[in-house]
Structure formats: structure tokens, C-alpha cells
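Look at the chain below before reading on. The notes after it go from the overall form to single residues.

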Amino acid sequence: MSSPTSSHAYGIGLIALLIGLSASVVFYTSFYLPESLAKPSVSHAILEPAEEFFLIEIVPGAVIDGNENYVPNKPTVLLTFTNNVKWVNNDDTAHTVTPDHRFADPFSGDFGSPGVIKPGDSYEFLFTEPTVVHYFCQPHPWMKGEVSVEKSRF
Ligand SMILES: [Cu+2]
């Protein structure tokens, strides 16, 4: 009992299916695949560490050579716990967080404040792999700090 109408509808359904399939293939090869190859897969626990951020304070008076500046100055942070590091400038002078040597995290990209961190402002960076970065302040190069990023043993 197949009427012309139902076979017509079947044909349209088949065409719609083919269009849908080819759209999926185009999406997969031109968007999904390059995206997934470009960004390494990072575990949720590293992307959303237990602590919202690990604070490094640029303390009042940091601009003066000989004073404490980045505090703590050489912390070790742990992936999944404290790997999101936030520098807060509590001094009354603008400072930077500038790497001694260019460093790029595979997920987060280039490390370093994009410009100066004004008094009261902050700069955050999510580390997703073990590393050690040495950094300084561009306008006041005697200000130096480092961060070690290690795997958590838990
Ligand atoms: Cu400075």
C-alpha cells in the first residue's frame, strides 16, 4: 500500500539524512578535529583546582630595591590544588609579571602580565603542567620571583 506521497516523503527524509551526515563530517573535520588537536586535553581537576587561586602579593613598598616584593617569592604550587596563581598588586606603583625567558603553557598560552598591573589590579595564570618559571618586573628589574609547578602526589 505505498502511495506516491509516502515514497516522496521517504526520498526527502533520505536527502535530509544525507545533508545531515555531510554537515556532521564537515563540522568534524573542519572544526572539531583541528580544535581538539590544537588544545591538549587537560583534566577537569587541573582546570578547576581545589583552591580558586593561589595568591602572590606584590606588597606595599615592593618598588624599593631591597624590600620584599613578590610574596611568597618562590612558592611551589600543586596541580589540582593551587595551580591557578593570582598576583595582586597592593603597592602604589604599577608593576609587571614578566618571564625571564618566554614560557607558554600548552593550555593557557604565554605566561606574563599583558601590560602593567596597576595598584589594586591583579593578574591570573592557570598552570596545567609541571614547570619552573622565573619572572621579574619590567620597570623595576630588581624585583624577581619564581613559581614551581609540581604534580600533586595525592
Ligand atoms: Cu615593578
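This briefing describes the predicted model by topic, starting with the whole chain.

The model is predicted: local features need pLDDT of at least 70, side-chain atom pairs count only at pLDDT 80 or more, and totals for chains, interfaces and linings use all residues. Residues are numbered from 1 along each chain as its sequence is written. The protein has two helices and 10 strands. These elements are DSSP runs, with helices being H or I of at least four residues and strands being E of at least two, and they are numbered from the N terminus.

**Overall form**

- From the N terminus on, the order of elements is α-α-β-β-β-β-β-β-β-β-β-β.
- The radius of gyration is 25 Å, well over the 15 Å that the globule rule gives for 154 residues, so the protein is more spread out than a compact globule. The radius is taken over C-alpha atoms, and the globule rule is 2.2 Å times the number of residues to the power 0.38.
- Along its principal axes, the C-alpha trace spans about 95 × 35 × 25 Å.
- The protein is divided into domain 1 (1–38) and domain 2 (44–150), with bounds that come from an automatic or database domain assignment. The centres of these domains, taken over C-alpha atoms, are separated by 49 Å.
- Of the 154 residues, 21% count as buried. A residue is buried if 20 or more other C-beta atoms lie within 10 Å of its own, exposed if 12 or fewer do, and partly exposed in between, with C-beta atoms placed from the backbone.
- Among contacts between residues at least 6 apart in sequence, 65% join residues at least 24 apart. Two residues are in contact if their C-beta atoms, placed from the backbone, lie within 7 Å.

**The sheet with β1 and β4**

- Four strands form an open sheet in the order β2-β1-β4-β8, with mixed pairing. Two strands pair if DSSP finds at least two bridges between them.
- β2 (70–71) and β8 (122–126) are at the edges, and each has a single partner strand, so one side of each is left without a neighbour in the sheet.
- β1 (residues 54–58) pairs with β4 in the parallel sense over five bridges. Isoleucine 58 has asparagine 89 in β4 as its bridge partner.
- β4 and β8 run antiparallel and are joined by five bridges. Lysine 86 has glutamate 124 in β8 as its bridge partner, and valine 88 stands opposite serine 122 in β8.
- In β8, Tyr123 and Phe125 make up the covered face, while Ser122, Glu124 and Leu126 make up the uncovered one. In a regular strand the side chains alternate between the two faces of the sheet.

**The sheet with β9 and β10**

- Another open sheet of four strands has the order β3-β10-β9-β5, again with mixed pairing. The edge strands are β3 and β5 (98–99), each pairing on one side only.
- β9 and β10 run antiparallel and are joined by six bridges. Tyrosine 135 stands opposite glycine 145 in β10.

**The nonpolar core**

- The largest nonpolar core has 22 residues, of which Val77, Val85 and Trp87 touch the most other members. Such a core is a set of buried Ala, Val, Leu, Ile, Met, Phe, Trp, Tyr and Cys residues joined through C-beta atoms within 7 Å.
- The elements that give two or more residues to this core are β1, β3, β4, β8, β9 (131–136) and β10 (144–150).
- Leaving aside neighbours within four places in sequence, valine 85 has contacts that include Phe53, Ile56, Val77, Phe125 and Val147.

**Residues in the loops**

- Leucine 79 lies in the loop between β3 (76–78) and β4 (84–89). Leucine 79 is partly exposed, with 19 other C-beta atoms within 10 Å.
- Apart from neighbours within four places in sequence, leucine 79 is in contact with Ile46, Val149, Lys151 and Ser152.
- Threonine 80 also lies in the loop between β3 and β4. Threonine 80 has a positive phi of about 80° although it is not a glycine, and it is partly exposed, with 17 other C-beta atoms within 10 Å.
- Proline 72 lies in the loop between β2 and β3. The peptide bond from valine 71 to proline 72 is cis, with omega near -5°.
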